[in-house]
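Subject: Handover of a structure and findings

Dear colleague,

Please find the structure below, together with its sequence. My findings follow after it.

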Amino acid sequence: PAEPAVADEPAGSDYERCMGLAVIDPARAHAEAERWAGEGGGDAARHCAATALLQLGEAERAAEILDALGRDALAPADARAALLAQAGQLWLALGRPDRAYAAATLGLAARADDPELLIDRAIAAASQGRFEEAVDDLSRVVDLRPDQAEPLVLRASAWRQTGQRALAEDDLARALALHPANPDALLERGLLRRD
């Protein structure tokens, strides 16, 4: 996941050094982040620790930290939304759509109508069999990004799951008009025809 700006850190800051180290030596970066957090490094140190944990394969611990950072009401709204988006994507990867849905919902409270958060929440809802909720979020994304095929394909999949074949076909036709060789749209069209 992309790195949110946790704070306005000057060039050559502890944050930049720690984040750079997290990529090349995550075990050392985690130790440094823990030390730095003990010395008052705050959210920047915790974000670096989460990044290092993710590099070390400890995605659940990283997601917990990112989730907690994103819930901090004192952080700027854009930073909260970005952190919660990262946490939500990790929760999805970990097979925890309930946690992903909650993170995306909080992220949307910080940054309403964020297309990526809406897509993440829709995927989390669909993973729990809540296809109507997925359609609602994806419809907002289609309104925000009418020239993109991905939300149309995702919404077509949700429509298919609810038995709305005509609506699914319409979304797929629109997606393929935008991107005729879109593999996800072609696969979804095949699934729709098979059903």
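How many of the 195 residues of the protein, as a percentage, count as buried? The share is 44%. Please bear in mind that this is a predicted model, and that the values below are computed from it.

Overall architecture

The protein contains 11 helices and zero strands. Its C-alpha trace spans about 60 × 30 × 30 Å along the principal axes. When contacts between residues at least 6 apart in sequence are considered, 49% of them join residues at least 24 apart. The accessible surface amounts to about 9700 Å², and carbon and sulfur atoms account for 52% of that area. As for charge, there are 21 positive and 34 negative side chains, with the centres of the two sets 4 Å apart.

Helix α2

Helix α2 covers residues 26–38, and its 13 residues reach 18 Å from the first C-alpha to the last, close to the 18 Å expected at 1.5 Å a residue. Its buried residues are Pro26, Ala29, His30, Ala33 and Trp36. Seen down the axis of α2, these buried residues fall within an arc of 130°, so they line one face of the helix. They pack against three helices, namely α1 (14–24), α3 (42–55) and α4 (59–70). After α2 comes glycine 40, which has a positive phi near 95°.

The loop between α6 and α7

Two residues deserve mention here. Arginine 111 is placed in the loop between α6 and α7. Its relative accessibility is 26%, so arginine 111 counts as partly exposed. Leaving aside neighbours within four places in sequence, arginine 111 is in contact with Asp78, Ala81, Ala82 and Leu117. Valine 142 is 31 residues away from arginine 111 in sequence, and the two C-alpha atoms are 17 Å apart in space.

Aspartate 113 also sits in the loop between α6 (97–110) and α7 (115–127). Although aspartate 113 is not a glycine, its phi is positive, at about 60°. With a relative accessibility of 36%, aspartate 113 counts as partly exposed.

Isoleucine 119 in α7

Isoleucine 119 belongs to helix α7. Is isoleucine 119 buried or exposed? It counts as buried, because its relative accessibility is 3%, and the cut-off for buried is under 20%. Not counting residues up to four places away in sequence, isoleucine 119 touches Leu138, Val141, Glu150 and Leu154.

Helix α10

Helix α10 comprises the 14 residues 165–178, which should span 20 Å at 1.5 Å a residue; the C-alpha atoms at its ends are 20 Å apart, in agreement with that value. In α10, the residues Ala168, Asp171, Leu172, Ala175 and Leu176 are buried. Viewed down the axis of α10, the buried residues fall within an arc of 130°, so they line one face of the helix. On the other side of α10, Ala166 and Ala177 are exposed. The cover over the buried residues of α10 includes α9 (149–161) and α11 (183–194).

With kind regards

Terms used
Residues numbered from 1 in each chain as written. Predicted model: local features only at pLDDT ≥ 70, side-chain atom pairs only at ≥ 80, totals over all residues. Heavy atoms only, no water. Helix = DSSP H or I, 4+ residues; strand = E, 2+ residues; numbered from the N terminus. Expected span 1.5 Å × (residues − 1). Buried < 20%, exposed > 50% of the residue type's maximum accessible area, 1.4 Å probe, protein only. Arc of directions from axis to C-beta. Contact = heavy atoms within 4.5 Å. Areas by Shrake-Rupley, 256 points an atom, 1.4 Å probe, with all protein chains shown as cover. Lys, Arg positive; Asp, Glu negative; His and termini not counted. Charge placed at Lys NZ, Arg CZ, Asp CG, Glu CD.
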